[in-house]
Amino acid sequence: MAITSNSVQNNQNRSGNLNTNAAKRAYRTTGGMINVREGETLKGVVSDIHGNRITISLDDGSSFSGTLPEASQYSIGQKAAFQITSLEGGTIYMKAVSQAYLLGMEDTVEQALEEAGLPKSPRNLEVVRSLLENQQSISKQNIMDSLKLCAKYPNADVNTVISMKRLGMPMDAASVTQFDNYQNQTHQLLYQMNSLTDSVNDLLLSLVKENPSIARYVAGEVLNIALDSIPSLEEFNLAAGRPAGNVEAGAAGSGAELLTGTGDTLSQDSGDALHPAPGRADEAGSSPFARMRQLLTNMTDRASGAKQSAAESASFIPEQAGHILSAEERSELAGIMEKFLADKESLSLLRDGTLTAREILSAVKDALPSLSDEDLHGLLDTKGFGKLVKGQFLSGWTLSPEGLKEENGIERLYGKMQEQLSELTSLNRMFATRPAGESIVNTTTDMQQNMDFMKMLNEQFTYLQLPMKLSEQNAHGDLYVMTRKDALKKSKDNLKVLLHLEMDSLGILDIHIKKDHTNISTTFFVEKDAARKLLEKNADLLKDAINKQGYSFTSEFAAKEKEIDLVHDFMEQDSPAPVGTVTRYNFDLRA
């Protein structure tokens, strides 16, 4: 078992008298200079393992690296001792000492702090422990540097800071917070959207009770922001006079539309890799990815148990009042609005659910200046009005399956969302002392930082949050393209994708998709047994639909057992020497 690095070797077979009184000699190593003599025992800790390269940090803070075929048998944090048997020809010959002191993880952490002359405070222990888990050096200098870095972010998880440093990611307070959120699976924009829109309605209601004039102004500004959104494809078709029923629920177009046309967010190369083979028809809704999303959407609708009757639900698109409000809520709102809206036909369309949220809120915005304080209070206090405001914002911040087919649809979604969030932040800064106003400012800021972090991730990896607008519910989705961007440029026929979905009816669902030319295989990791049975029951329909497009399709199902780890499952999964979690800390070192 030879350790070699800058003339440092371990030779267990070399013999000779050990001269413990010999003069020390200086040798240059990876970590600087090392002074040794024959008979001396070098004691240290394994501080890094990368392939068959191993680094040992000595007790005096110096270190050396070498090639070790059995390096994989060692673990970070293991203590080892080697005795110098001879110094000849610029080479150090060593042998492993059978009585080497071997320490566990916690003992190693404490020993490292002792040797660095640092107190064993909870924070210091946590930093050294994180360095070991991230396979980083625990030399005195690296410990000191890491302590200083963690001190800059006192509220952040230590492992977050150490991991970001190891990965070479840009670090500031915002990026550290967002990295922590993504690691802990608390990053979902969709949930922040729900919280934000609820806070907007809470602010309007509190203002109208205290000062109707201010409430009238703020309501007008809020409606201006909400209405300044891009109509969905379904809403556009409805306004153009096409029947709402022509919109095919769940037909999301080809998988290419998940990635193409997103400007700086995702490269065109990533999207091209999802296109069908040349010469194959790519009709809207006919690709394997479209079929898969269509199946999931249909099953979601069936499993959700819609509050409205199936016939009524099918007749409305998500932007219509009939989808957002119950019949009772529509009737109550129409009763309030008939006091200031003379158009009886519009009131009738409101009651039957045909009008869209955009049409109703536009009428309210136009009427605001002339509303009496009493009517304003009655309007803002109506449950239906708050739900329409929420629905209008969420419609502009989510993507329907049809919307995924639009060119540059994802880019426009995030661009418009950032613009509206900035306007909401500016409007509500004057009310930051109120709980609802403070909540709006904090949430909009966090959402903007979330999107900035997502953009930073996409400089090296292909990742997107997909806030989805399904026919019966909104759902959070994450799209991870597991194939690195540089690999996609070399081969566009091989692709690995992970689609993570969180739905009320089906639960959490992870879909691993592999595309090898015209072969497509999927593994569904399902949280709920009922959802798994539903998927298995419909798998043949999905297989037949995809096979008809000229693909060979296979699928399998498994129970979901763990959450996605942003670093180990995504950022490092395709690296040549991935860093894994350290699970062993002791080993037998035999002479």
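P401 is buried, with a relative accessibility of 7%; buried denotes under 20% relative accessible area, exposed over 50%, and partly exposed the range in between, with a 1.4 Å probe and protein chains only. P401 belongs to the loop between α17 (383-397) and α18 (409-428). Helices (H or I, at least four residues) and strands (E, at least two) are DSSP runs, numbered from the N terminus. Although 69 residues separate P401 from L470 in sequence, their C-alpha atoms are 7.2 Å apart in space.

The model is predicted, so that local features need pLDDT of at least 70 and side-chain atom pairs count only at pLDDT 80 or more, while totals for chains, interfaces and linings use all residues. Residues are numbered from 1 along each chain as its sequence is written, and side-chain values use heavy atoms, with hydrogens and water left out.

**Overall composition**

The chain contains 22 helices and 14 strands. Of its 591 residues, 53% count as buried. Among contacts (heavy atoms within 4.5 Å) with a separation of 6 or more, 64% are between residues 24 or more positions apart.

**Packing of α6 against α19**

Two packed helices are described by the angle between their axes and the distance between the axes. Helix α6 (residues 189-210) and helix α19 (residues 435-457) have axes that come within 9 Å and cross at roughly 155°. This makes α6 roughly antiparallel to α19. Axes here are lines fitted to C-alpha atoms, for helices over the stretch in contact, with angles from 0 to 180 degrees between N-to-C directions. Angles under 35 degrees count as roughly parallel, over 145 as roughly antiparallel, 65 to 115 as roughly perpendicular, and the rest as oblique. The α6 and α19 crossing is left-handed, a term for a near helix turned anticlockwise from the far one by less than a right angle, with clockwise giving right-handed. On the α6 side, the residues in contact include L189, M193, L196, V200 and L203. Those that they and their neighbours meet in α19 include I440, M447, M451 and M454.

**Salt bridges**

Side chains of opposite charge can pair when their charged atoms come close. A salt bridge is a side-chain nitrogen of Lys or Arg within 4 Å of a carboxyl oxygen of Asp or Glu. By this rule the count comes to 16.

| Pair | Closest N and O atoms |
|---|---|
| K469 and E319 | 2.6 Å |
| E329 and K387 | 3.0 Å |
| R351 and E338 | 3.5 Å |

The salt bridge of K469 with E319 links distant parts of the chain, 150 residues apart: K469 is in strand β9 (residues 462-469) and E319 in the loop between α11 (310-314) and α12 (321-324). Both partners, K469 and E319, are buried.

In the salt bridge of E329 with K387, E329 lies in helix α13 (residues 327-337) and K387 in helix α17, so the pair ties together parts 58 residues apart in sequence. E329 is buried at 10% relative accessibility, whereas K387 is partly exposed at 28%.

In the salt bridge of R351 with E338, R351 is in helix α14 (residues 344-351) and E338 in the loop between α13 and α14, so the parts tied together are 13 residues apart in sequence. R351 is partly exposed at 36% relative accessibility, and E338 is partly exposed with a relative accessible area of 40%.

D180 is located in helix α5 (residues 173-183). D180 is buried yet has no salt bridge, and the nearest side chain of opposite charge, R123, is 10 Å away. For this assignment Lys and Arg count as positive and Asp and Glu as negative, whereas His and the chain ends are not counted. Leaving aside residues up to four places away in sequence, D180 touches D157 and T160.

Most residues other than glycine have a negative phi. Q185, which is not a glycine, has a positive phi of about 60°. Q185 lies in the loop between α5 and α6 and is buried, with a relative accessible area of 15%. H517 also has a positive phi, near 55°. H517 is in the loop between β12 (507-516) and β13 (519-526) and is partly exposed, with a relative accessible area of 43%.
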